[in-house]
Amino acid sequence: YVLELKRWYGVEAHQKGLKQLADYLERQGLEKGYLVIFDFTKAKAPDLWQEDRVVVGGKEIFMVRV
């Protein structure tokens, strides 16, 4: 499994991070990866989080934003 941790720095940085993870998955010969994004930019309840699945460069990435 490949799990990457990132801090939220905006949409542009997020897109670069997705591409970086997809490239790493390609080098490792994997089809799926996982991304945990820590977002300190907005107030939210401790148990509130978002999840999503995206395909980048043919690689499936499961994201959780906390």
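The model is predicted: local features need pLDDT of at least 70, side-chain atom pairs 80 or more, while totals for chains, interfaces and linings use all residues. Numbering runs from 1 along each chain as its sequence is written, and side-chain values use heavy atoms, without hydrogens and water.

I checked Val66 next. Val66 sits in the segment after strand E4 (59–65); strands are DSSP runs of at least two residues, helices of at least four. Val66 is partly exposed at 32% (buried is under 20%, exposed over 50%, partly exposed in between).

Then I turned to the salt bridges (Lys or Arg side-chain nitrogen within 4 Å of an Asp or Glu carboxyl oxygen). I found 7 in the structure. Lys6 pairs with Glu4 at 3.1 Å. Lys6 is partly exposed at 26%; Glu4 is buried at 17%.

Glu26 bridges to Lys59 at 3.0 Å. Glu26 is in helix H1 and Lys59 in strand E4, so the pair ties together parts 33 residues apart in sequence. Lys59 is buried at 5%. Lys59 also meets Glu31 in a salt bridge, 3.3 Å from N to O. I noted one network of Glu26, Glu31 and Lys59, joined by salt bridges that share partners.

Conventions: Buried means under 20% relative accessible area, exposed over 50%, partly exposed in between (1.4 Å probe, protein chains only).
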